[in-house]
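Open the model in your viewer and keep the selection tool at hand. The tour below goes from one stop to the next, with a note on what to find at each.

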Amino acid sequence: MSHTVTIEEPQAKPQVSQTRWCGGRSGAWGNVSANRTYDFLYDPLYIVSSEKDHNQANIQATLIQSKLRRVPRFRTMFSSLFHYPRYSVYWSKADPVPSFISREWKGHEERHREALQQFAATDTSFQMPKEVCEDPDVTGKNRYKYFERPFLPFYQHMPFNVVYAANRAEPYTFPPPPAKYLPVPSKYTVGTQTDYRDAEVQTDPYSPEYVVCQDTIPELLTLATLTWGRGLPAGQAEVEMIERAREKRAWEATLPSLSDTTQFEKRRRMMNAMERKEWAFREQEIEKLQAIRLEVLKELLKKRDKNQNEVSMARLNAQWSTLQEAKEAKLAQIQHAHVSAMRKLTGKGKNIEGKLERRNIIKDYSDYGSQVYGPLSRLGRFPDNNSEDFVVKNHYLSTYEGLVELESCLPDFVTQPRIKPPKPKVTTTKDGFLKRAARMDRELAEVHKALLEKKNKTLETKKPMRFLQRKPVPQPRLPTPTLEMSSNEEEDIEMAVIYLQKLLRGRVVQNMMFEGKEKRLELIQELRTSHALQEDDRLVKKAEKQVTLALQRQRNLHEHKVSLVENHLAGLEGRVLADMFDFLSKELVRLQEERRVHALAMLAERQRRMREAEESGRRQVEQRRLQEEDLIFKEVIKVHQSTVTSYLEDIILNTEEHTAEEQARAEIEKMAQEINDIAYEMESRRTQLQSEEIVAELVYSFLIPEVQKDFVKEKVRTAQRKHILAAHEIIHQHTEAMLEKDFVEQQQESDTELLEGAQDS
């Protein structure tokens with residue numbers, strides 16, 4: 001069900017006019033004109049589907065509102081030459097959009113709001129910020145915004161000085177007489193409706209504003225991610241997703257709380273079971289996606305093969321057409337050369353001796369094929385130059401009024417032809433049998449088709465050899481045997497054998513002649529009958545001829561019947577063999593396809609297993625990464641806690657030190673004041689002897705401690721010198737031993753190298 005909401009924009013934004021939103025499937029239409037190119041920035045009701053469409057609208061607005069300005073040049077203002085242009089082009093720096101208007105897409109804020117809603121739906125502890133909607137009431141403080149007159153685009157294009165034309169009374173025309181056939185109109189008016197907006201944008205259906213009560217999360221807000229075209233209208237997959245979300249929310253409601261430590265093990269088991277269930281569902285989804293991808297891959301492979309075949313055929317056809325054109329051009333050239341050569345030879349043949357003959361005018365005019373009646377264009381004569389003199393010029397054919405008058409004189413069946421559908425050709429008799437003529441036509445068509453197939457069938461050319469082949473060497477001919485006669489008896493036997501061979505050959509020739517006579521006996525008798533002279537012999541021959549003709553007719557009838565039976569049997573055998581071969585070929589193709597599909601299925605199964613293994617590996621890596629992140633997070637929290645503790649300790653210690661310092665300074669100042677008072681009082685009462693005693697005590701307290709301090713330092717230095725000397729002796733002892741050992745080893749190595757060099761030399 002579609003609903004319509006009409007909103008008038010307030011007066012604060014006069015550049016935005018009325019906008020009509022239609023919900024449902026029809027989308028949204030708006031009155032968008034050329035002077036409203038920045039609606040996507042100003043109009044809050046102008047919705048684009050993505051950031052790509054927003055950028056496209058921005059580009060269109062930039063192209064429409066071109067910043068190029070033409071400044072005429074006064075010296076060459078009326079010039080049409082390329083090197084003296086009439087104007088110059090410069091780039092205008094003025095921007096029609098103010099700087100405080102944001103050119104960014106508004107969908108990021110909506111996505112952020114949707115993400116917050118999803119997080120609030122999953123986490124119950126998250127507090128969703130309350131949305132404050134603007135007061136849309138017409139009454140009250142916003143009433144002044146609804147007194148703006150609507151923007152009508154056509155008012156701009158209407159001039160101010162409009163003079164309406166006076167209504168003229170058209171002359172009365174009499175209705176035409178009724179015709180037998182209704183006139184056929186030449187134009188039709190068909191109403192159309194579009195599902196798209198004039199700005200080439202399909203927006204989402206209208207969604208009204210809403211206010212969410214505090215501490216409530218409606219279930220409908222969990223579906224905020226579903227938009228028109230991306231989940232709406234909801235299908236089977238969306239319904240299953242909603243049911244799973246409801247089950248998960250019900251499961252989360254049954255989970256024990258984290259504050260209850262006794263139910264921690266039960267919570268862990270429930271979460272593990274839910275995780276296994278989700279992994280199983282994920283594996284099913286992956287298998288479905290793999291099956292769909294496999295089908296898509298098959299379709300893409302078929303499409304690729306088809307495209308490749310089409311490209312190959314197009315390339316072959318183009319090459320064939322090119323070669324054919326070259327062949328035709330070559331043949332035309334050869335034909336032209338042949339005609340020219342034949343014409344020259346014919347001309348030379350007419351005058352072999354090369355004598356000059358005078359023109360015979362009588363002969364030229366008596367011969368209608370001469371140059372007088374049909375001159376050749378290659379000799380420079382064009383007889384059709386003045387052909388327009390013979391064109392028929394008629395008033396009825398050259399003017400529109402004449403054509404109208406001629407059309408009015410023509411009958412109706414000429415201007416309005418009557419089309420009669422052809423009757424189907426009847427090929428069957430009343431009893432339902434096929435007519436002989438139709439049967440004959442079908443047989444002739446089959447024979448013609450078979451002949452064409454046999455004619456068009458091309459023999460496969462032998463392909464050239466790709467590899468070298470060994471040519472066998474013929475064996476040498478055996479030497480001709482020679483017979484050597486050793487005695488006269490052998491010679492007599494040889495002559496007897498030769499004579500016997502001659503007799504056998506003569507008998508063979510005699511038998512061949514006899515067989516030929518028997519085969520051609522009828523011809524011999526026919527020759528004898530043609531030379532018969534007696535009447536009786538002629539009658540006998542005539543009777544024999546009639547008997548022979550009757551026998552021939554019977555034989556022809558028998559052969560015709562036998563040929564018909566053989567033809568029917570051959571047709572039946574051919575049909576059976578064709579069906580059998582067709583079945584066998586289809587079975588072969590089916591088996592091949594089945595094997596290919598089985599191989600593809602095995603490959604897909606292997607790929608699926610490999611992907612499962614990769615997925616399990618990624619899952620383990622993800623689990624290890626989560627554990628590492630947990631440990632890192634714990635360490636970071638521990639470091640933060642220790643940092644905060646140390647920071648607080650430093651602050652406390654500094655505060656204590658500062659406080660103690662201030663208290664000590666105050667006490668010291670107080671004590672110094674008291675001591676000063678006492679000292680001033682003692683100074684006023686002190687004698688010379690007391691002053692000398694005080695000086696002696698001060699000298700004693702300064703010198704004696706310094707002497708004792710130097711004595712103690714010397715004593716400590718003497719005690720430490722013994723230990724340092726002992727450590728030096730131990731270190732140097734081991735170091736000297738190691739240096740001696742290294743020196744001995746280097747000496748041995750140098751000796752062995754010298755010995756090896758001496759042996760080699």
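**Stop 1: Ser79**

Select Ser79 and show its side chain, which reaches the backbone nitrogen of Leu81 at 3.2 Å. Bear in mind throughout that this is a predicted model. To place Ser79 in the chain, colour strand S4 (68–72) and strand S5 (87–91): Ser79 lies in the loop between them. Is Ser79 buried or exposed? Ser79 has a relative accessible area of 15%, so it counts as buried, the cut-off being under 20%.

**Stop 2: helices H5 and H6**

Next, select residues 236–254, which are helix H5, and residues 264–350, which are helix H6. Two packed helices are described by the angle between their axes and the distance between the axes. Here the angle is about 170 degrees and the axes are 11 Å apart. H5 is therefore roughly antiparallel to H6. The crossing of H5 and H6 is left-handed.

To see where the two helices meet, show these side chains:

- in H5: Arg244, Glu247, Lys248, Trp251 and Thr254
- in H6: Met270, Met271, Met274, Lys277, Glu278 and Phe281

Colour this contact of H5 with H6 by class, and the residues come out as 5 nonpolar, 1 polar and 5 charged.

**Stop 3: Thr427**

Move on to Thr427, in the loop that links helix H10 (412–415) and helix H11 (436–456). Then pick the C-alpha atoms of Thr427 and Ala437, which are 8.1 Å apart in space and 10 residues apart in sequence.

**Stop 4: the whole chain**

The chain has 15 helices and 7 strands. Of its 761 residues, 7% count as buried. Among contacts between residues at least 6 apart in sequence, 47% join residues at least 24 apart.

Methods
Residues are numbered from 1 along each chain as its sequence is written. This is a predicted model: local features need pLDDT of at least 70, side-chain atom pairs count only at pLDDT 80 or more; totals for chains, interfaces and linings use all residues. Side-chain values use heavy atoms; hydrogens and water are left out. Helices (H or I, at least four residues) and strands (E, at least two) are DSSP runs, numbered from the N terminus. Buried means under 20% relative accessible area, exposed over 50%, partly exposed in between (1.4 Å probe, protein chains only). A polar contact is a pair of N or O atoms within 3.5 Å; within protein, one must be able to donate a hydrogen and the other to accept it, and residues adjacent in sequence count only if both atoms are side-chain atoms. Axes are lines fitted to C-alpha atoms, for helices over the stretch in contact, and angles run from 0 to 180 degrees between N-to-C directions. Angles under 35 degrees count as roughly parallel, over 145 as roughly antiparallel, 65 to 115 as roughly perpendicular and the rest as oblique. A crossing is left-handed if the near helix is turned anticlockwise from the far one by less than a right angle, and right-handed if clockwise. Contact means heavy atoms within 4.5 Å. Ala, Val, Leu, Ile, Met, Phe, Trp, Tyr, Cys and Pro count as nonpolar, Asp, Glu, Lys and Arg as charged, and the others, Gly among them, as polar.
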